[in-house]
Each structure stands twice: as structure tokens, then as C-alpha cells.
Amino acid sequence: MNDVQHVQGEPAGGGEPGSGAGQRGVRRRDRDERGRARNARPRDGLGRPLPYGAPGVARQPEGVSRAPAAALAEAQRLLDEGMPFHAHEVLEDAWKAAPEAERELWRGLAQLAVGLTHAARGNPAGGAALLGRGSAAIAPYGDAAPYGVDVAGLRAWARELTGRLTGPGKGAGKGMGTVSAVGSAPRLCRGDEAAGGCPV
């Protein structure tokens, strides 16, 4: 990643007092070009950190301003490619930029993507929790969802996936392993563009 640098420890005597930079093998925090902490390790398609130097999936740039339809289309593309963590980053940007009346919708969509991320990583409890939160957040938009977001379909998808994660024989400590991020990807929007559906 070009905009983030990392330091893997420096020789004794380097760095500022208390920074840990002078201790062999101690890593200072990765920083972006603005000096903000940002992990520079590459990530896989599910957002798991990989070792420095390993090939990874390009991360979504932060703070990108997209029209709602473009954000939904990009998030859908990433979901369809098995990258729900990266879709969540797109939806999170939309959430932060949304007008107050829409913030819970975008937050809920981001939580659904994180729920799928946890499920695909083999964390059924975390997946079920995030799917539940996301479904609850989008529920109030069911009667008049903006941008063609399929609230009813997404809530049904979240219930079905939660059932697979927590159903009989999958309780405490048993887990279900992982689900396929591609095979379990939801459809964010109704397909009827003429009726206001997003073009995905």
C-alpha cells in the first residue's frame, strides 16, 4: 500500500523516549500519509490481516464520497466476489456521509456485511450477532426503503443465515465451520430499476 508505511523495529538508540522504537523487534504503529494510525498489512478477501509483503486484496480507500446507487453497486460487486469485509467499508463510508434520516439504513447494511464476514471466517456467534443488529437497524425502512434497497429480502436472508449459524446442533462451542462468502452473498436491492431499484 503506497499511502501507509510501517516500521519493524529500529536499532538500539533510535526513536523517541517511550516510543518503543529503540527496542529491537518492537513495531511502531503503521501510519498513513496524514500521520493517522492505519494498519498497512495486506488483507485477504475476508479482511483478515496477512503478513507484511504477502499478496493481498486491495483495500477500499477510506472516505470516498459516492452517490447512494454507486455505493450500493460497489458493495454488491464486492459481496458477489466474496469480499464482504471490503463491501462493509464501502457501506460504512455511505453511512458516515448519509443524511441523518438514512444513517441507520446504511449502518445496518454495513453490519449485515460484517455479519457475513464473521460467518465466512468461521465465527458463527459473531456472525449471528451482527446479522441481528443489522436486520434490526434496517427494519424501520421496510415500508419505504430508499434507493430500492430490499429490506424485506435482506431481513429474510439474515434470518436464514442466522438459522444456519445457530440452528440445531450448532450451539455453544459447536459452531458450523464457515459459510461461503460468495454462495451466501445477499442481494442489496430489488432488481426493478424502473421502480427505483438500484442498478446492481
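**Entry 1: salt bridges**

I started with Glu104 and Arg107, whose side chains meet in a salt bridge at 2.5 Å, N to O. I note at once that this is a predicted model. Both residues belong to helix 3, and because they are three residues apart there, about one helical turn separates them. An α-helix has 3.6 residues a turn, so residues three or four places apart point the same way. Next I looked up how open the two partners are. Glu104 is partly exposed, at 32% relative accessibility. Arg107 is partly exposed too, with a relative accessible area of 25%.

How many salt bridges does the structure hold? I get eight.

I then took Glu160 and Arg164. Their side chains meet at 2.9 Å, N to O, in another salt bridge. These two are four residues apart in helix 5, so about one helical turn lies between them. Glu160 is partly exposed at 40% relative accessible area, and Arg164 is partly exposed at 30%. I also found a network: salt bridges with shared partners join Glu74, Arg77 and Glu81.

The side chains of Glu100 and Arg103 form a salt bridge as well, at 2.8 Å, N to O. Is Glu100 buried or exposed? Its relative accessibility is 60%, and the cut-off for exposed is over 50%, so Glu100 counts as exposed. Arg103, at 30%, counts as partly exposed.

**Entry 2: the nonpolar core**

I moved on to the largest nonpolar core, which has 33 residues. Which members touch the most others? I wrote down Trp106, Leu109, Leu112, Val149 and Leu188. Five helices each supply at least two residues of this core: helix 1 (68–80), helix 2 (84–97), helix 3 (103–120), helix 4 (124–138) and helix 5 (151–166). Helix 3 gives the most, with eight residues.

I picked Leu109 and listed its contacts, leaving aside neighbours within four places in sequence. Leu109 is in contact with Leu72, Leu91, Ile138, Val149, Leu154 and Leu188.

**Entry 3: Trp106 and Tyr147**

I looked for aromatic pairs and counted one. The ring centres of Trp106 and Tyr147 are 6.1 Å apart and the planes stand at 40 degrees, so I logged the pair as tilted. Where do the two residues sit? Trp106 is in helix 3, and Tyr147 is in the loop between helix 4 and helix 5. The pair therefore ties together parts that are 41 residues apart in sequence.

I checked accessibility for both. Trp106 is buried, with a relative accessible area of 1%. Tyr147 is partly exposed at 29%. I also checked the backbone of Tyr147. Its phi is positive, about 65 degrees, although Tyr147 is not a glycine.

**Entry 4: helix 4**

Helix 4 has 15 residues. From its first C-alpha to its last it reaches 21 Å, close to the 21 Å expected at 1.5 Å a residue.

Which residues of helix 4 are buried? My list is Pro124, Gly126, Gly127, Ala128, Leu130, Leu131, Gly134, Ser135, Ala137 and Ile138. I then asked what the buried residues of helix 4 pack against. They pack against helix 3 and helix 5. Ile138 had already turned up in my notes as a contact of Leu109.

**Entry 5: His86**

I looked up His86, which is found in helix 2. Its relative accessible area is 0%, and buried means under 20%, so His86 is buried. What does the side chain of His86 reach? It reaches the backbone oxygen of Asp44, at 3.1 Å.

**Entry 6: Glu62**

Last, I turned to Glu62. It lies in the loop between strand 2 (28–32) and helix 1. Glu62 is exposed, with a relative accessible area of 53%.

Conventions:
Residues numbered from 1 in each chain as written. Predicted model: local features only at pLDDT ≥ 70, side-chain atom pairs only at ≥ 80, totals over all residues. Heavy atoms only, no water. Core = buried A, V, L, I, M, F, W, Y, C linked by side-chain atoms within 4.5 Å. Buried < 20%, exposed > 50% of the residue type's maximum accessible area, 1.4 Å probe, protein only. Contact = heavy atoms within 4.5 Å. Phe/Tyr/Trp six-rings, centres within 6.5 Å; stacked < 30°, edge-to-face > 60°. Salt bridge = Lys/Arg side-chain N within 4 Å of Asp/Glu carboxyl O. Polar contact = N/O pair within 3.5 Å; in protein donor to acceptor, adjacent residues only side chain to side chain. Expected span 1.5 Å × (residues − 1).
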